[in-house]
Amino acid sequence: MINTICEDTLRSSLKRYFGFEDFRPFQREIIDALLNHEDVLALLPTGGGKSLCYQLPALVSDGITIVVSPLIALMKDQVDALKAAGIPGTYVNSTLSPQEIHARLQQIEAGLIKLVYIAPERLLTSHGLERIAQWPIARFAIDEAHCISEWGHDFRPEYRRLAELRKRFPTIPIVAMTATATTRVREEIAQHLHLRNPRAFVAGFNRPNLTYTVIPKDKPNEQVLRYIRERGDESGIVYCASRKATEAVAEYLRAGNIPAAAYHAGMENSERSATQDAFLRDRIRVICATTAFGMGVNKPNVRYVVHYDLPKSIEGYYQETGRAGRDGLPSSCLLLFSRGDFAKQARLLEEKPAGHERNHAFDALSRMVAYAESVTCRRKDLLAYFGDNLEQTSCQACDNCLEPRERFEATTIAQKFLSCVYRIRQSSGFAVGLKHIVDVLTGKTTEKISRLGHDQLSTFGIGNEHNSKGWEHIGRELTARGFLASSHDGFPVLSLTDLGRRCLTTKEAIFLTRPPAAKAPKRAELQLNDLNSEYNQALFDTLRILRRRLAEERDVPAYVVFSDVTLRQMARETPTTVEAFRAISGVGEKKAAEYADAFTQAITAFLAAGE
Ligand code: ADP
Ligand code: ZN
């Protein structure tokens, strides 16, 4: 049966149902493995196109594909999107009445359905398992498979019970999909699902369509408002550290005429899902959220993610920024960074009981700070954290690559700083914090300085070429570059490293960078390729309004009608005939039949008005 499915069938189904001309990286290989009845473990980054990998095989092979997903709230939208493309899918979960469930099961058993989405808790009842045992099951697709791991972020105990699938259905292949999994999590997935020699596909962590920027946090409300205003009608997420902050920021943005809403775990369930829904349907443009706004965000056209406060770890930061640009279009990530935020979080951690967990949290936080203060390529830093390597030296899509920080010859400056650290240590016998060192350099007569006699040191007051802020920046950069080491002695203290000591004796030349400006760089747009860049913005806006109306009429999110990628291509190629409309990527047969008239007429009218 498998070998009869040729390249042509796959390609024509790809165009017919999804409207796409080509496969994304790994899709073809994953699909082949599925059609070959193999177990598969696929790790594709967000936006990599995981769903198509099991949807297309479901269409071209016999039997039913069962999709296990933890996200009950999303199932309806996912199935609506399938139906909009003419794919017979359905879902069974606790949001449906018993009558509805009964009707759906009958449809399935009448052979009218190819894909069934089920939440694990429903599937894994003895009744559920007995029922599906009667069905001609082609394969199980386990979405968000990292939920099975205690080491991931989203451990769901009910996912552990998926182990029963292999026992009950030993001959049916299983495909596990996830966007975030370290080697350890991958191993756990394979082990708990009892995968048999799974074919593994790992696409890496790089998200080439995201730009990364960090700016010093300074009047953050104004910074965020300005940033959002520069982004027209586009949607975004602002992550904040506290519930109170989400509400305050949303309020501020609304006062600035931006349709924004808060989202956090303290809200009623109904209010949360209404907010999420309004965001999906483009009625709300900006969500100000705590990290409770998470995995369920399946909005493909989130164009920016702002971190108003410092994230607690790089994993979290990567996941949250990863929600931007799922559709592959250029999108940006902005982090507002302040040392004060770091100190605040460090203090909170200090209140926790000492032990492994606290050390781990400190470590994670310090690595996040190192990322924020890095002067090298941010993408390289992120990928290195996950053990991935970026080949090229510059990504041309992060602030440090696009606008390398100005460097200056700082040998004397560095010498002053390092020798001040040395003298203090020599005279007092213990290390002190950054602020005290800077006070000595700038010649402040604080109580602590008098008490310790540090106004008698030869380095007291030798640093009048910078103010305190300037010296603090220098101290941090010397630390980041390994001349000083920061350790925790009740509070953070600085001491010379071997490199720092060597530097004091050899007096080799040192270059440092100027501090960054507190203004977000001008829209450093990522030019992925020419295809993505040139389109008629006014026409795009017109088509977006049309899309929203059509989506409202059908009570589905806007992207179920067409993605931003598809609308942009329309705004670029201005198809006015059905033929030309069909050639647009993302226009399959069913959507062409349903929408060609509305869109080609709108485009014709737009062109006529412009003449
Ligand atoms: P993931 O689940 O991996 O985050 P999705 O399955 O949601 O990604 O797909 C992300 C986007 O990419 C969707 O808008 C989808 O329609 C689009 N897409 C998937 N495969 C292709 C393809 N072969 N060509 C063009 N677009 C694709
Ligand atoms: Zn870079």
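1. Helices here are DSSP runs of H or I with at least four residues, strands are runs of E with at least two, and both are numbered from the N terminus.

2. A word on what you're looking at. This is a predicted model, where local features need pLDDT of at least 70, side-chain atom pairs count only at pLDDT 80 or more, and totals for chains, interfaces and linings use all residues. Residues are numbered from 1 along each chain as its sequence is written, chains are lettered from A and ligands numbered from 1 in the order in which they are written, and side-chain values use heavy atoms, with hydrogens and water left out.

3. Back to H2, residues 27-35. Seven of its nine residues are buried: Gln-27, Arg-28, Ile-30, Ile-31, Ala-33, Leu-34 and Leu-35. (Buried means under 20% relative accessible area, exposed over 50%, partly exposed in between, with a 1.4 Å probe and protein chains only.) What do they pack against? Helices H1 (7-18) and H3 are on the list, along with strands E1 (40-43), E5 (137-142), E6 (174-178) and E7 (199-202). Contact means heavy atoms within 4.5 Å.

4. Now the ligand. Around ligand 1 there are 14 residues, and Asp-22, Gly-47, Lys-50, Ser-51 and Arg-326 come nearest; a residue is near if one of its heavy atoms lies within 4 Å. By class, the shell has four nonpolar, six polar and four charged residues. Helix H3 (residues 50-60) gives the largest share, three residues.

5. Look at the polar contacts too (pairs of N or O atoms within 3.5 Å). An oxygen of ligand 1 is 2.4 Å from an N or O atom in the side chain of Ser-51. A ligand nitrogen is 2.8 Å from a polar backbone atom of Asp-22, and a ligand oxygen is 3.4 Å from one of Gly-48. The protein covers 79% of the 570 Å² of accessible area that ligand 1 has on its own.

6. How many disulfides are there? Zero, in a search of the whole structure; a disulfide would be a pair of cysteine sulfur atoms within 2.5 Å. Take Cys-147: the closest cysteine sulfur, in Cys-53, is 18 Å from its own, so that is too far for a bond. Cys-147 is buried, at 0% relative accessible area, and Cys-398 is buried at 0% as well.

7. Finally, Gln-569 sits in helix H27 (residues 564-573) and is buried, at 13% relative accessible area. Leaving aside neighbours within four places in sequence, Gln-569 is in contact with Thr-574, Ala-583, Ile-584 and Ser-585.

Notes:
A polar contact is a pair of N or O atoms within 3.5 Å; within protein, one must be able to donate a hydrogen and the other to accept it, and residues adjacent in sequence count only if both atoms are side-chain atoms. Accessible areas come from the Shrake-Rupley method with a 1.4 Å probe; for residues, only the protein chains shown count as cover. Ala, Val, Leu, Ile, Met, Phe, Trp, Tyr, Cys and Pro count as nonpolar, Asp, Glu, Lys and Arg as charged, and the others, Gly among them, as polar.
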